[in-house]
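Please consult the sequence and coordinates alongside the text.

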Amino acid sequence: MIELIQRALNHRARIAVVDEAGSYTYGDLLVASESVAFGLLAGAPSLEGARVATMVPPGFEYVAVQWGIWLAGGIAVPLALTHPDAELSYVLDDAEVTAIVAASDYFERMSRLAARRRTRVLEAGVLLKTARAGPVESPPGEDALLLYTSGTTGRPKGVVWRHSAIQAQAEIMSTAWEWQADDRALLVLPLHHVHGLINVTTTALWNGAIVEMHSGFDTAEVWGRLGSGAPTVFMAVPTIYRRLLDLWDSFGAAQQDALRATLGGMRLMVSGSAALPVGTLEAWRAVSGHVLLERYGMTEIGMALSNSYRGERIPGAVGRPLPTVEARVVDDTDTEVHEGVAGLLQVRGPSVFRRYWQRPEETAASFADGWFRTGDSVVVSEGIYRILGRESVDIIKTGGEKVSALEIEDVLRGYPGLADCAVVGLPDPDWGERVGAAVIMAGPPPTLQELLEFCRDRLAPEKLPRTLRVVDKLPRNALGKVLKPQVKELFA
């Protein structure tokens, strides 16, 4: 986002990025990103919207490479560090990348993947040291990022993010969550998704704040950083909060008291990218004094709904539309429904994407008169939105009723000794679908009958699990989101 880079000129002497190698100012970022741009251009006037894939861990190099691609007029395509070759190859081919920038640890691997594509591979550390010949004067394009969806309901799709949409998103979150120049955000999320890339990194830098970047999640290390008192903002997925809570129990009383006092001084803690179990929210409140701020977003729209920063935060809800975002709830015919009636969420606003990469038919099908069809089922009460789940995987249609898998999962998590679970709809010749529950147990596994007895007083008959599988782990993506299609395979 070119405006982001322009704003950095006002903060040249301030610290921008802290990583394992050290601290870097906004001035350092500006110099390094111009070097990257010169190296990518290699004498050409502009990349003219060419896609440049990045295989760089979170840190100073990552940000400098991304800014350099934008200065050169290219579109950045962040790759997932943990993905296997097959998934990386899919993105490289689908995005039709012309170059790959890789950190030294990934250079050999990416060179091998690029060989059959005749794609040039450049080492990030070398690019950052490219000799510059004056300011970069490449005209910026309209498109900035090509982010791929999680693939929870099908093959990942490339979502084109414009520079203007990134700016709109940064402004939205800056206003709603009151970002400040003296904030220090602790980043432990991957940077090929909106959560880590836009919500944390871009918004922190937009405000002249510090982003402390860690190339992975280590429970003890994160507790150490949270306990240091340095971070003011922390955003994570429910799985991370759960793992932090698991380690909390091993701390002595004095250490817990010290951590509570430090955590109470933090400004903002956010949970997103997957549904936050109410039990996890309450456990974190007891530990930290914070009611985690839940919000709702997706790759195509950024953040659209959020609980209040200063007002009441309602467990199990995702709040109201964010500034400049409009939302409505409709039925299957795109007709608005009354408040209190479950329906499909649609949104529009300046941060909503315009198109999927080279998928015009899917793009057209995703909009209704300018409203983006999120595919999520919701219900609104007194202006507050609750997510019932993805229409395609979390809404189970059984005996003519629509049942929310997320609601059932919240109830199941209250069963003694149940560590985690995933609920899916399974084909049934009589009912259309039946409720299947895959559970991870920390205690003795229950029989289906025992689980039913627990649920009968808490769920309507059509919501009761009819099939049970006890598993060691659930299939998840890089952000900890459960992959429901793969969960269904556990019942095969």
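The sections below treat cores, secondary structure, backbone angles, salt bridges and cysteines in turn.

The model is predicted. Its largest nonpolar core comprises 136 residues, and those with the most contacts inside it are Trp67, Met110, Trp223 and Phe234. Helix α3 (residues 60–71) gives the most to this core, contributing nine residues. Another core, of 21 residues, lies apart from it; Ile396, Ala405, Val411 and Val435 are among its members.

Phe234 illustrates the packing. When its neighbours within four places in sequence are left aside, Phe234 is in contact with residues including Leu186, Val188, Val222, Leu226, Ile240 and Tyr241.

## Covered strand and helix

Strand β7 (residues 143–148) is mostly covered, with six of its six residues buried. It runs antiparallel to strand β8 (residues 158–162), and five bridges join the two. Within this pairing, Leu145 stands opposite Trp161 of β8.

Helix α8 (residues 194–206) is likewise mostly covered: 13 of its 13 residues are buried. The end C-alpha atoms of α8 span only 15 Å, whereas a straight helix of 13 residues would span 18 Å at 1.5 Å a residue. Just after α8, Gly208 adopts a positive phi of about 75°.

Most residues other than glycine have a negative phi. Ala42 has a positive value, near 45°. Ala42 is found in the loop between α2 (26–41) and β3 (51–55), and it counts as exposed because its relative accessibility is 61%.

Asp334 also has a positive phi, of about 65°, although it is not a glycine. Asp334 belongs to the loop between β16 (326–330) and β17 (343–348). With a relative accessibility of 25%, Asp334 counts as partly exposed.

## Salt bridges

Side chains of opposite charge can pair when their charged atoms come close. The structure holds 29 salt bridges. One of them joins the side chains of Asp93 and Arg117, at 2.6 Å from N to O. Asp93 lies in helix α4 (residues 85–95) and Arg117 in the loop between α5 (104–115) and β6 (120–123), so the pair ties together parts that are 24 residues apart in sequence. Asp93 is partly exposed at 37% relative accessibility, while Arg117 is buried at 16%.

Arg310 forms a salt bridge with Glu178, the closest N and O atoms being 2.7 Å apart. Arg310 lies in the loop between β14 (302–306) and β15 (320–321), and Glu178 in the loop between α7 (163–176) and β9 (184–187); the pair therefore ties together parts that are 132 residues apart in sequence. Arg310 is exposed, with a relative accessible area of 66%, whereas Glu178 is partly exposed at 25%. A further salt bridge links Lys397 and Glu391, at 3.7 Å from N to O. Lys397 is partly exposed at 42% relative accessibility, and Glu391 is buried at 18%.

A disulfide requires a pair of cysteine sulfur atoms within 2.5 Å. By this rule, the count comes to zero disulfides. Cys421 is in no disulfide, and the nearest cysteine sulfur, that of Cys455, is 9.3 Å away. This distance of 9.3 Å between the sulfur of Cys455 and that of Cys421 is too far for a bond. Cys421 counts as buried at 2% relative accessibility, and Cys455 is buried with a relative accessible area of 0%.

Definitions and conventions. Residues are numbered from 1 along each chain as its sequence is written. This is a predicted model: local features need pLDDT of at least 70, side-chain atom pairs count only at pLDDT 80 or more; totals for chains, interfaces and linings use all residues. Side-chain values use heavy atoms; hydrogens and water are left out. Buried means under 20% relative accessible area, exposed over 50%, partly exposed in between (1.4 Å probe, protein chains only). Helices (H or I, at least four residues) and strands (E, at least two) are DSSP runs, numbered from the N terminus. Two strands pair if DSSP finds at least two bridges between them. The expected span of a helix is 1.5 Å times one less than its number of residues. A nonpolar core is a set of buried Ala, Val, Leu, Ile, Met, Phe, Trp, Tyr and Cys residues joined through side-chain atoms within 4.5 Å. Contact means heavy atoms within 4.5 Å. A salt bridge is a side-chain nitrogen of Lys or Arg within 4 Å of a carboxyl oxygen of Asp or Glu.
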